[in-house]
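Subject: Structure for your review

Dear colleague,

Please find below the structure that I am handing over to you. A summary of the findings follows it.

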Amino acid sequence: MQHEARGSAEGPGPRSGELAVPMAWLYAEYIADELLRTGDLMPPTSFEYRAGRDALALTIFLSDSRGELSGIRVVTQLETWLSLTAYDQPWQDWVRDRMALLAEDAAATGEAMPDLELADLAWRWLQETELLAPDLDAVPGGGPVPGDEEGPKVWTPAWRLGLPLGHLAIHLF
């Protein structure tokens with residue numbers, strides 16, 4: 001799959017004034033959305049759902065190093081996405097590194113990369129937005145306090161909540 005709409009009678013690349021369509025990002029978002037909807041973990045209108053979708057979409061988009069993620073390859077990528085989103089992995093460092101590499105490539109070629117722009121927007125939202133979530137570190141074992149339905153809550157960067165949701169959605173798929 002190409003990262004943007006290309007092709008014209010004048011050769012590759014969009015012609016002057018044409019819109020470059022971020023197909024790779026849109027496809028990654030679509031896959032992430034389907035995984036989360038199948039898992040039925042959160043209402044699709046919630047911020048938590050958005051955090052999960054954006055974290056998964058970033059994982060999908062950034063792990064597709066050859067720009068050819070096709071429908072048939074989605075199933076073969078599930079294990080890769082599971083390992084990238086696992087609790088003990090430095091996911092945020094991996095995202096920063098991959099985004100930096102893609103930005104370097106874009107700067108070197110001088111080509112507009114609308115996919116990268118949308119990925120960057122999602123990454124900034126995941127880092128800068130905080131959501132009120134259960135404090136799993138407050139109780140030994142990470143479980144809720146017995147007899148306390150709400151339990152302690154803390155403000156957490158959206159990616160810290162979205163990443164485990166995405167990971168669970170992959171498992172449930």
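In what order do the elements of the protein run from the N terminus on? The order is α-α-α-α-α-β-β-α, which comes to 6 helices and 2 strands. Please bear in mind that this is a predicted model.

**Overall features**

The protein has 173 residues, of which 42% are buried. Taking the contacts between residues at least 6 apart in sequence, 68% link residues at least 24 apart.

**The nonpolar core**

The largest nonpolar core contains 42 residues, and the members that touch the most others are Leu58, Trp91 and Leu126. At least two residues of this core come from each of α1 (23–39), α2 (47–63), α3 (74–85), α4 (91–109), α5 (114–128), β1 (130–134) and α6 (158–172). With 9 residues, α2 gives the most.

Setting aside residues up to four places away in sequence, Leu126 touches Ala51, Asp54, Ala55, Leu58, Trp91, Pro157, Ala158 and Trp159.

**Helix α4**

Helix α4 consists of 19 residues and spans 27 Å from its first C-alpha to its last, close to the 27 Å expected at 1.5 Å a residue. Its buried residues are Trp91, Gln92, Val95, Arg98, Met99, Leu102 and Ala106. Viewed down the axis of α4, these buried residues fall within an arc of 130°, so they line one face of the helix. They pack against α2, α3, α5 and α6. Asp97, Glu104, Ala107 and Ala108, on the other side of α4, are exposed. After α4 comes Gly110, which has a positive phi, near 70°.

Apart from neighbours within four places in sequence, Asp54 is in contact with Trp25, Glu29, Ala122, Trp125 and Leu126.

Trp125, one of these partners, lies in helix α5. Trp125 is also buried, at a relative accessible area of 14%. Beyond its neighbours within four places in sequence, Trp125 is in contact with Phe47, Arg50, Ala51, Asp54 and Ala158. Trp125 and Ala51 stand 74 residues apart in sequence, while their C-alpha atoms are 8.5 Å apart in space.

**Aromatic pairs**

How many aromatic pairs does the count come to? The count comes to 4 aromatic pairs. In one of them, Tyr27 and Tyr30, the ring centres are 6.3 Å apart and the planes are at 20°, so the pair is stacked. The cut-off for stacked is planes under 30 degrees apart. Tyr27 and Tyr30 are 3 residues apart in helix α1, and are therefore separated by about one helical turn. With a relative accessible area of 18%, Tyr27 is buried, whereas Tyr30, at 47%, is partly exposed.

**Two further buried residues**

His167 is found in helix α6 and is buried, with a relative accessible area of 19%. Leaving out neighbours within four places in sequence, His167 is in contact with Leu82, Thr85 and Ala86.

Pro22 is located in the segment before α1. Pro22 is buried as well, with a relative accessible area of 13%. In sequence, Pro22 and Ala119 are 97 residues apart; in space, their C-alpha atoms are 9.9 Å apart.

Yours sincerely

Technical notes. Residues numbered from 1 in each chain as written. Predicted model: local features only at pLDDT ≥ 70, side-chain atom pairs only at ≥ 80, totals over all residues. Heavy atoms only, no water. Core = buried A, V, L, I, M, F, W, Y, C linked by side-chain atoms within 4.5 Å. Buried < 20%, exposed > 50% of the residue type's maximum accessible area, 1.4 Å probe, protein only. Helix = DSSP H or I, 4+ residues; strand = E, 2+ residues; numbered from the N terminus. Contact = heavy atoms within 4.5 Å. Expected span 1.5 Å × (residues − 1). Arc of directions from axis to C-beta. Phe/Tyr/Trp six-rings, centres within 6.5 Å; stacked < 30°, edge-to-face > 60°.
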